[in-house]
Amino acid sequence: MKCRVCHSNKTKEFLNLGKQPLANKYPKNIREIKKEKKFNLSIFFCEVCRTAQIKNIISRKLMFEEYFYLSSVNKGLRDHFNKLAKKLKKYNFVVDIGSNDGILLEPLKKNKVKGIGIDPSFNVGKIANDRGLTTYIDFFEKRVINKIIKEHSKPDVLVASSVVTHLEDPLKFAKNSKFFLKENGILIIEIEYLYNFIKNLEYERFYFDRPFYYSANSINYIFQSFGMSLFDIELINVHGSSLRLYIKNAKVVKKTKRCKEILSKEKKYLSISTLNKINKKIIKESNNLKNKLTQFKIEGKKIIGYGAPARVSTITNFSKINSKLIDYIIDDSPIKQNKFTPGSHIKILNKNKNIKSNINVVIVFAYEYFKDIKKNFKKINVKFYKPIPLKKLV
């Protein structure tokens, strides 16, 4: 296939995860389970711009107009955006693209920074608006950009946290960002990091919500094409391990030392030869997880999961794990509770009355928030595991 970022023909498949459902569509009953569709999930890598991308892109409209992810239920994420809001105190006007339920807008308001959001999900955007956090319910398109410029002004700062990987057309996003931002304004992008996915064998990070998986070199390539400059990068501990990239609406800007180092490191490590080696490891680790769960069941242990993020779908469907191996999954998001995991159909429950003394094993799918999750089990003697690669958490 041709690369959708740089249009080169130097792309090769390095991972095929078989038939997968839409990872953020949680069926609530048998009727919805019967209507569920699966599509082949194969991932290609471009050796020119160092972008990974899925072959079959599913309609963004189907994906995001109704969505089942609420940022603010996660304490770790709330802390993360509170810190970011403090960093933005010196700016006059911030627009958060993919603002979800207002997780950044709320601390911006507390810090007396004018902030508004754009989010395509009518159910999630309504939650923010009902809380007095101005959110335009729309995709990041020219119509909403022009409306905001007319009603407010051009922003000093654009923030797009865990957004760019979900876009069908990243080049259009870059073009719109260039148009929207003030001259010398800053675009802050946070991305789940392809380099770490590969290094840590986190294949569960691949699912249809995200057509693209970026390196710092990918982002540099995209925005350079539109007269914008990547000039700084931070490593951040959100969504496992991610990058925060700073891009100025200016053609030439001096890069920081850490920015140069990350770009250079990727060029040495991210290659098709490196990526080809992970396929066998992924199959081995998936089999290891299923075999261990089967062994626990034979021993009579009660197994539950904690956290039902999108990655649950990738892991359980690829590893063929269902409710025969995991009794149920606890999740703190009310809009996921009393539904089922996509494809594998494991029941999702709230923690009230479902953290019981007979639980022996907890598979922590939301493992980056393990410290907070562990606090819920103080009175119970359980063993915690990260699923892929399977390892005990303490």
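Reader: Why is the pairing of aspartate 372 with lysine 375 called a salt bridge?

Author: In this predicted model, the closest N and O atoms of aspartate 372 and lysine 375 are 3.6 Å apart. The criterion asks for a Lys or Arg side-chain nitrogen within 4 Å of a carboxyl oxygen of Asp or Glu, so the pair qualifies.

Reader: What makes the contact between glutamate 32 and lysine 28 a salt bridge?

Author: The N to O distance there is 4.0 Å. The limit is within 4 Å, and the pair is counted as a salt bridge under that rule. Glutamate 32 is partly exposed at 24% relative accessibility, and lysine 28 is partly exposed at 46%.

Reader: How do you know that lysine 87 and glutamate 234 link distant parts of the chain?

Author: The side chains of lysine 87 and glutamate 234 meet in a salt bridge of 3.0 Å, N to O. Lysine 87 belongs to helix H3 (residues 75-87) and glutamate 234 to strand S10 (residues 229-236), 147 residues apart. Lysine 87 is partly exposed, with a relative accessible area of 43%. Glutamate 234 has 13%, under the 20% limit, and so counts as buried.

Reader: Which residues are linked with lysine 87 in a network, and how many salt bridges does the count give?

Author: Lys87, Glu190, Glu234 and Arg244 are linked in a network of salt bridges. The count comes to 18 salt bridges.

Reader: Why are H12 and H13 called roughly perpendicular?

Author: H12 and H13 pack at an angle of about 85°, with their axes 9 Å apart. Angles of 65 to 115 degrees count as roughly perpendicular, and H12 and H13 therefore receive that description. On the H12 side the contact is made by Ile282, Ile283, Ser286, Leu289 and Lys290, and on the H13 side by Ile315, Phe318 and Ser319. By class, the residues of this contact are five nonpolar, two polar and one charged.

Reader: Why are H9 and H10 described as roughly perpendicular?

Author: Helix H9 (residues 216-224) and helix H10 (residues 257-269) pack at about 115°, with axes 8 Å apart. The perpendicular range is 65 to 115 degrees, so H9 and H10 are roughly perpendicular to each other. Ala216, Asn217 and Asn220 of H9 meet Ile262, Leu263, Glu266 and Lys267 of H10. This contact divides into three nonpolar, two polar and two charged residues.

Reader: What makes serine 313 buried?

Author: Serine 313 has 2% relative accessibility, which is under 20%, and therefore counts as buried. Serine 313 lies in helix H13 (residues 311-319). Leaving out residues up to four places away in sequence, serine 313 touches Gln20, Pro21, Ala23 and Pro342.

Reader: Which residues touch the most other members of the largest nonpolar core?

Author: They are Phe14, Ile189, Phe206 and Phe223, in a core of 87 residues. Helix H12 (residues 278-298) gives the most to this core, with five residues. Apart from it lies another core of 37 residues, among them Leu105, Leu108, Val113 and Tyr328. Beyond its neighbours within four places in sequence, phenylalanine 223 is in contact with Phe173, Ala174, Leu187, Ile189, Met228 and Ile247.

Reader: What makes the phi of asparagine 100 worth noting, and is asparagine 100 buried or exposed?

Author: Most residues other than glycine have a negative phi. The phi of asparagine 100 is near 55°, a positive value in a residue other than glycine. Asparagine 100 is found in the loop between strand S4 (93-97) and helix H4 (105-110). With a relative accessible area of 8%, under the 20% limit, asparagine 100 is therefore buried.

Reader: Why is histidine 7 called partly exposed?

Author: Histidine 7 has 48% relative accessibility, between 20% and 50%, and so counts as partly exposed. Histidine 7 also has a positive phi, of about 65°, although it is not a glycine. Histidine 7 is found in the segment before strand S1 (11-21).

Notes:
Residues are numbered from 1 along each chain as its sequence is written. This is a predicted model: local features need pLDDT of at least 70, side-chain atom pairs count only at pLDDT 80 or more; totals for chains, interfaces and linings use all residues. Side-chain values use heavy atoms; hydrogens and water are left out. Helices (H or I, at least four residues) and strands (E, at least two) are DSSP runs, numbered from the N terminus. Buried means under 20% relative accessible area, exposed over 50%, partly exposed in between (1.4 Å probe, protein chains only). Contact means heavy atoms within 4.5 Å. A nonpolar core is a set of buried Ala, Val, Leu, Ile, Met, Phe, Trp, Tyr and Cys residues joined through side-chain atoms within 4.5 Å. Axes are lines fitted to C-alpha atoms, for helices over the stretch in contact, and angles run from 0 to 180 degrees between N-to-C directions. Angles under 35 degrees count as roughly parallel, over 145 as roughly antiparallel, 65 to 115 as roughly perpendicular and the rest as oblique. Ala, Val, Leu, Ile, Met, Phe, Trp, Tyr, Cys and Pro count as nonpolar, Asp, Glu, Lys and Arg as charged, and the others, Gly among them, as polar.
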